[in-house]
Protein chains: 2
Amino acid sequence: MTANISIVTLGVDDLPVSTRFYEGLGWVNTTASQDSVTFLQGHSVVLGLYGRSALAEDAEVENIPAGFRGVTLAINLPSRAAVDAFFNKALGTGASAQKQPQSVFWGGYSGYFADPDGHLWEVAHNPFFALNEVTGQLQLEAKS
Amino acid sequence: MTANISIVTLGVDDLPVSTRFYEGLGWVNTTASQDSVTFLQGHSVVLGLYGRSALAEDAEVENIPAGFRGVTLAINLPSRAAVDAFFNKALGTGASAQKQPQSVFWGGYSGYFADPDGHLWEVAHNPFFALNEVTGQLQLEAKS
């Protein structure tokens, strides 16, 4: 069970704004949340929101402004229509469009939005990747 | 199924080095990987590794050097001993210690390491968070 991510924590500037943003996208707030931190349960992972400077302090790193963070979070959906619908929902909830959903070179359909703090989310349909119909979880085949 | 993260993609400088690093931590390489991209299956999420500049290009953002990325990935483990063991395994696989595992203010035990590209992982035991014994998945209670 060590190959896992339990929590993805995003450093944010305004916790109530970011909490409402992710609740609007369907994440469920939990009793673990406190005034200074939000924990939102997803189907397979918890999303944490924490003040950006507090997060830097917790990791004992300097809070230097980020350029390109080199991290993207992807949600894979079962169809192009589902990508469009989710992308538009995100824009309606306060996201900025970074790259409109479009056909891409690897044979799928993908767009990017930025959350209120500029964290990048890809919304994608990949016809070559099977999703569990109940959980939505992506399960790839181990290389032999 | 929209409250989910299917893939966390990390921009990396040396794909073979980073692939070996995460394989060493127990992530399973998959048939979806190609020369330019690695997809590693975890228990509940896929970890993607992609060239940092290619990732910036894919999201249509400028590849400005990152300061503090404002993103941390946490793996929650069932005991302090499991935290120590996993942390030491990561150091043996090529991670840098960022914050030695220690008792922390919220009543748990936590440390941070940086992967070969500086992506921050927290390794934590939180006695207040229950983990599924089979999947290791964290499941928090919805706020009413």
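In the predicted model, strand S2 of chain B pairs with strand S3 (residues 37–41) of chain B in the antiparallel sense, over two bridges, and within this pairing B:Val28 has B:Gln41 as its bridge partner in S3(B). Both strands belong to an open sheet of eight strands with mixed pairing, whose order is S6(A)-S7(A)-S8(A)-S5(A)-S1(B)-S4(B)-S3(B)-S2(B). At the edges of this sheet stand strand S6 (96–103) of chain A and strand S2 (28–29) of chain B, each of which has a single partner strand, so that one side of each is left without a neighbour in the sheet. Helix H2 (residues 52–59) of chain B lies across strands of both chains, among them S5 (71–76) of chain A and S1 (7–12) of chain B, and runs at about 100 degrees to S4(B).

Strands of the two chains also pair where strand S1 (residues 7–12) of chain A is joined to S5(B) by four bridges, the two running antiparallel, and here A:Leu10 stands opposite B:Val71.

Regarding the contact between the chains as a whole, 65 residues of chain B are in contact with 65 residues of chain A. S1, S2, S3, H2, S5 and S6 of chain B each supply at least two residues of the side that touches chain A, and the largest share, six residues, comes from S5(B). By class, this side of chain B has 32 nonpolar, 25 polar and eight charged residues. Because 100% of the interface residues of chain B are also interface residues in chain A, the copies meet through the same surface.

Chain B is superposed on chain A by a rotation of 180 degrees with 0.0 Å of shift along its axis, at an RMSD of 0.0 Å; the two copies are therefore related as by a two-fold rotation axis.

Definitions and conventions
Residues are numbered from 1 along each chain as its sequence is written. Chains are lettered from A and ligands numbered from 1 in the order in which they are written. This is a predicted model: local features need pLDDT of at least 70, side-chain atom pairs count only at pLDDT 80 or more; totals for chains, interfaces and linings use all residues. Two strands pair if DSSP finds at least two bridges between them. Two residues are in contact if their C-beta atoms, placed from the backbone, lie within 7 Å. Axes are lines fitted to C-alpha atoms, for helices over the stretch in contact, and angles run from 0 to 180 degrees between N-to-C directions. Copies are superposed by least squares on the C-alpha atoms of residues with pLDDT of at least 70 in both. Ala, Val, Leu, Ile, Met, Phe, Trp, Tyr, Cys and Pro count as nonpolar, Asp, Glu, Lys and Arg as charged, and the others, Gly among them, as polar.
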